[in-house]
Amino acid sequence: MRALVTGCAGFIGSHVTEALLGAGHDVVGVDCFNDNYARREKLANLDQARDFSAFEFVPVDLARGDLADLVAGCGLVVHLAAEPGVRQSWGDRFDAYLRNNVMATHQLLRAVASHSDARLVYASSSSVYGQAETFPTREDALPRPLSPYGVTKLDAEHLCSLYHAHQGVRAVSLRLFSVYGPRQRPDMAFGRFIRAAAAGEPIRVFGDGEQRRDFTFVGDVVDAVLSAAVAEGVEGRVYNIGGGSQASVNEALARIREMLGRSLDIEHAPPEAGDVRSTGADTARARADLGFRPTTTLADGLAAHVAWILREDAPAYP
Ligand SMILES: NC(=O)c1ccc[n+]([C@@H]2O[C@H](COP(=O)([O-])OP(=O)(O)OC[C@H]3O[C@@H](n4cnc5c(N)ncnc54)[C@H](O)[C@@H]3O)[C@@H](O)[C@H]2O)c1
């Protein structure tokens, strides 16, 4: 099969790309090297994919490019390209969220509707729920995003549903919960914590650290994407993809302290706008329809994340 992966140079996109190549598929990877973090990190994310002759990289901005030729002939489109991150979505950068999350998704859906009969797997987010009222949260809970980022992710999810219902696009949406592991974006909490701890620098924690997250290892997300690419009866549906490792930020910090064997210098900053108190995925639907069973515990996943950051050829980040 020929697959298109958007956002292939990103954290999750690079892992999905490698998994598809490893399974013997041809992969066309698209990325525009958006400036949310350093281009050199995204280029490094593609190192393993470039070893495969079945990998073709196309530098395109989805919001601007003509996507007809890209999607034609693809049996699968995995749409991971986006402007991610809750905190940065307030204020001046919001136009980038609109362009890279809403406009880009719309362009892609239009192209698929006209030029392809591919299954489209869209990476939505737990941010669509905002501060949920019930835990674990089911997919039919009323989505009430608490950040501009969450609004744009929900917007794009609705576009996928609309193009499925009215334009025949075979779309399925996965609401991913706090993904971590090797290559995690440098603005995300675990990577920031581990780097600061390893360097003996202060760790900035927003709020009291008692906020809880359903942490999901990137390998489990890849498995969910691969299932959603082929499962029957899933088109037009939305699935929670949560790792089942619910923990507070303070509990995660305690694990990092244990793994590194050193005390942590923690500084608390005021809670950031858009940070919810708790997330927790009810994954019964994903279990039933996608056979989703996350296998990586927080301890094992954090160990892999720490090992990746401490690897010998790790670049020095600011
Ligand atoms: N990381 C998480 O915890 C998490 C949680 C929920 C949902 N998600 C979603 O998963 C997806 C991947 O997130 P990530 O953490 O890997 O982020 P990332 O920033 O590492 O990857 C996204 C990639 O998309 C590219 N991109 C952005 N706009 C583009 C455009 N217009 N055209 C082409 N390429 C473009 C970026 O350059 C980047 O390489 C996103 O859709 C994000 O909203 C992530």
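**Exercise 1.** State how many helices and strands the protein chain of this predicted model has, and decide whether the chain is as compact as a globular protein of its length.

*Solution.* The count is 10 helices and 12 strands. Next, take the radius of gyration, which is 19 Å. The globule rule gives 20 Å for 318 residues. The two values are close, so the chain is as compact as a globular protein of that length. The C-alpha trace spans about 55 × 45 × 40 Å along its principal axes.

**Exercise 2.** Describe the burial and the contacts of the protein chain.

*Solution.* Of the 318 residues, 48% are buried. Among contacts with a separation of 6 or more, 83% join residues 24 or more positions apart.

**Exercise 3.** Locate Pro294 and determine whether Pro294 is buried or exposed.

*Solution.* Pro294 sits in the loop between helix H9 (284–290) and helix H10 (298–309). The cut-off for a buried residue is 20 or more other C-beta atoms within 10 Å. Pro294 has 25 such neighbours and therefore counts as buried. Apart from neighbours within four places in sequence, Pro294 contacts Thr216, Phe217, Asp220, Gly243 and Gly244. From Leu21, Pro294 is 273 residues away in sequence and 22 Å away in space, C-alpha to C-alpha.

Terms used: Residues are numbered from 1 along each chain as its sequence is written. This is a predicted model: local features need pLDDT of at least 70, side-chain atom pairs count only at pLDDT 80 or more; totals for chains, interfaces and linings use all residues. Helices (H or I, at least four residues) and strands (E, at least two) are DSSP runs, numbered from the N terminus. The radius of gyration is taken over C-alpha atoms; the globule rule is 2.2 Å times the number of residues to the power 0.38. A residue is buried if 20 or more other C-beta atoms lie within 10 Å of its own, exposed if 12 or fewer, and partly exposed in between; C-beta atoms are placed from the backbone. Two residues are in contact if their C-beta atoms, placed from the backbone, lie within 7 Å.
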